[in-house]
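Here is a short tour of one protein model. Keep the sequence and the 3D view side by side as you read.

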Amino acid sequence: MLQGIVPILRIFDEGKAKEFYVEYLEFVVDWEHRFEEGMPLYMQISLDSIVLHLSEHHGDCTPGAALRIETNDLGALCGRLNQKKYKHSRPGITDTPWGLREMTVTDPFGNRIIYYESPRATD
């Protein structure tokens, strides 16, 4: 019966969030919501099948979260991100002792996104 999960990540600055998630990671803003002018932002972003919610509301979540996103071409993703020369991130790929390849990027608010590639994706 379950069909998916949508993590909520805490953000503090709309401009920095869009620079990181939209310009750098290439997510698309699906929608934005504020209860009224000057109120905190709540928005949905997506890329391929991944959907995230970003919130400036202090009660929604805590900064410093971590989430994992599986990819089937970690090398290409790493290369594309590093070509952008984003001033706050130069990710690299790590081979883990548990048999995965991983690349971690940290947003301006301390949230970590760990992209990973499983062994079956590299066969």
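## The largest pocket

Fifteen residues, given as 15 in the count, line the largest pocket, and Leu47, Asp48, Thr71, Leu77 and Tyr115 lie nearest its centre. A pocket here is an open set of points on a 1 Å grid over the protein atoms alone, where a 1.4 Å probe fits, with protein on both sides within 12 Å along at least five of seven lines; lining residues have an atom within 4 Å of a point. The volume of the largest pocket is about 260 Å³. That volume is the space filled by probe spheres set on the points, with grid points joined across faces, edges and corners.

This is a predicted model: local features need pLDDT of at least 70, side-chain atom pairs count only at pLDDT 80 or more, and totals for chains, interfaces and linings use all residues. Residues are numbered from 1 along each chain as its sequence is written, and side-chain values use heavy atoms, with hydrogens and water left out.

Which elements supply the lining? Strand S5 and helix H2 (74-83) each give at least two residues to the lining of the largest pocket. H2 gives the most, with three residues. Helices (H or I, at least four residues) and strands (E, at least two) are DSSP runs, numbered from the N terminus. By type, the lining has seven nonpolar, three polar and five charged residues. Ala, Val, Leu, Ile, Met, Phe, Trp, Tyr, Cys and Pro count as nonpolar, Asp, Glu, Lys and Arg as charged, and the others, Gly among them, as polar.

Find strand S8 (residues 112-117). Five of its six residues are buried, so S8 is largely enclosed by the rest of the structure. Buried means under 20% relative accessible area, exposed over 50%, and partly exposed in between (1.4 Å probe, protein chains only).

S5 pairs with S8 in the parallel sense over five bridges. Two strands pair if DSSP finds at least two bridges between them. Leucine 67 has isoleucine 113 as its bridge partner in S8, and isoleucine 69 has tyrosine 115. Leu67 and Ile69 form the covered face of S5, while Ala66, Arg68 and Glu70 form the uncovered one.

Strand S7 (residues 101-106) runs antiparallel to S8, joined by six bridges. Methionine 103 stands opposite tyrosine 115. S7 and S8 form a hairpin with five residues between them, and glycine 110 in the turn has a positive phi of about 90°.

## The four-stranded sheet

Another group of strands is an open, mixed sheet in the order S1-S4-S3-S2. Strands S1 (8-10) and S2 (28-33) stand at the edges with a single partner each, so one side of each has no neighbour in the sheet.

S1 and S4 (residues 50-55) pair in the parallel sense over three bridges. Arginine 10 stands opposite serine 55 in S4. Helix H1 (residues 14-24) packs on the sheet and touches S1, S2, S3 (42-47) and S4. Contact means heavy atoms within 4.5 Å.

Most residues other than glycine have a negative phi. Glutamate 26 has a positive phi, near 75°. Glutamate 26 is in the loop between H1 and S2, and is partly exposed at 28% relative accessibility.

Aspartate 48 also has a positive phi, of about 55°. Aspartate 48 sits in the loop between S3 and S4. Is aspartate 48 buried or exposed? Aspartate 48 is exposed, with a relative accessible area of 78%.

Definitions and conventions:
Axes fitted to C-alpha atoms, helices over the stretch in contact; angles between N-to-C directions.
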